[in-house]
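Here's a quick look at charged pairs and a pocket. Have the model open while you read.

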Amino acid sequence: MPEGFPDYLDVDYEDGDGEHPEDYPTLDAKIEKAIDVTRRGLEQYENPAVMWTGGKDSTLTLYFIKEVAEEFDLEVPPAVFIDHYQHFDEIHEFVEKWADEWDLEVIYARNDDVGEYVDSRGLEPGDDIEISELNEQNRHHVRDLLEYEDDTFPFLLDTYVGNHLLKTVALNNTLEEYDIDGVISGVRWDEQEARADETFFSPRHDPDIYPPHDRIQPILQFDEPAVWDAFWYVVVPETVEGYPEEGYVPEGYDDLPEGISQEDIPISPKYFEGFRSLGSEISTQKAEEEPAWLQDLDGTTERAGRAQDKEDLMERLRDLGYM
């Protein structure tokens, strides 16, 4: 982290405490707050980065960063993409395409030790990984921090050990390597119970757990329907040439305005296919056949298509540095 962190910051760590999406009742109010938090994040932190998964929330956050940086003559920070080795191919393709389109620097965060172990043995998702064969850092996390006692764990993302090693350890190593002091992320209050108490500027200062840094969270106040409204009425009209300025919500691939294809839209094709969450190709299923934004967003669970081991342990994982 940069020298002197966090003394050079002037941020309110209680901003958003006790608030809910309902406190920002209109899309304009949500966007205004997102712009304010984003601007303060870009101005206050010496070496920020934005978490980008290729999903809707992080891509919306990236849009606000790009817009704020342009309007206020600020630098667009690098994007950190956690490569946990079990992404949909379409996610990699989406990130590569739009990183090029938007001239973004992308830092790929990986747990190379686990990745090399898997590759050298030709393992498939679900195969066992021998803990004794991992490096000292990974063994320390498994034994001392997670207090996991078995000799092996399955090579799966949505499990307690797998999620921590493949995502959290990879992220923390990247924060340390690049001296990142502010992580701009697209988490939302309504997404999970473990995130409901987050504030717009959230300190992560315990050096025994993670490299000290802050989380900057511009879209906490959005709920899932508002995210899609922001895309179809703001993001897409302002970034896709020829899209109706007043916005338009398509019913699928074949319902886009004339002359525009899905590849022109900064929204992952997996959402068009019916996925509402894009965690892992192994453990994430599509929720419905119709596009994500047309589904029953209020009456169903956004992450219903995901394996639940990780979700049930979210609070403890977040204590260890998970997003």
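Predicted model: local features only at pLDDT ≥ 70, side-chain atom pairs only at ≥ 80, totals over all residues.

**Salt bridges**

The count of salt bridges comes to 15. Take Asp-15 and Lys-33, which form one of them, with 3.0 Å between the closest N and O atoms. Asp-15 sits in the segment before helix H1 (27–44) while Lys-33 is in helix H1, so the pair ties together parts that are 18 residues apart in sequence. Are the two partners buried or exposed? Asp-15 is buried at 13% relative accessibility, and Lys-33 is buried too, with a relative accessible area of 13%.

| Pair | N to O distance |
|---|---|
| Glu-273 and Lys-270 | 3.1 Å |
| Glu-289 and Lys-286 | 3.6 Å |

Glu-273 is partly exposed at 24% relative accessibility, whereas Lys-270 is buried at 6%. As for the other pair, Glu-289 is exposed at 63% relative accessibility and Lys-286 is partly exposed at 34%.

**The second largest pocket**

This pocket has a volume of about 210 Å³. Its lining is made up of 14 residues, and His-141, Pro-207, Ile-209, Tyr-210 and Pro-211 are the ones that lie nearest the centre. Which helices each supply at least two residues of the lining? They are helix H5 (136–145) and helix H6 (160–177). By type, the lining residues split into seven nonpolar, five polar and two charged.

Conventions:
Residues numbered from 1 in each chain as written. Heavy atoms only, no water. 1 Å grid on protein atoms, 1.4 Å probe; cavity = no way out; pocket = protein on both sides within 12 Å on 5 of 7 lines; lining within 4 Å. Points joined across faces, edges and corners; volume = space filled by probe spheres on them. Helix = DSSP H or I, 4+ residues; strand = E, 2+ residues; numbered from the N terminus. Nonpolar A, V, L, I, M, F, W, Y, C, P; charged D, E, K, R; others polar. Salt bridge = Lys/Arg side-chain N within 4 Å of Asp/Glu carboxyl O. Buried < 20%, exposed > 50% of the residue type's maximum accessible area, 1.4 Å probe, protein only.
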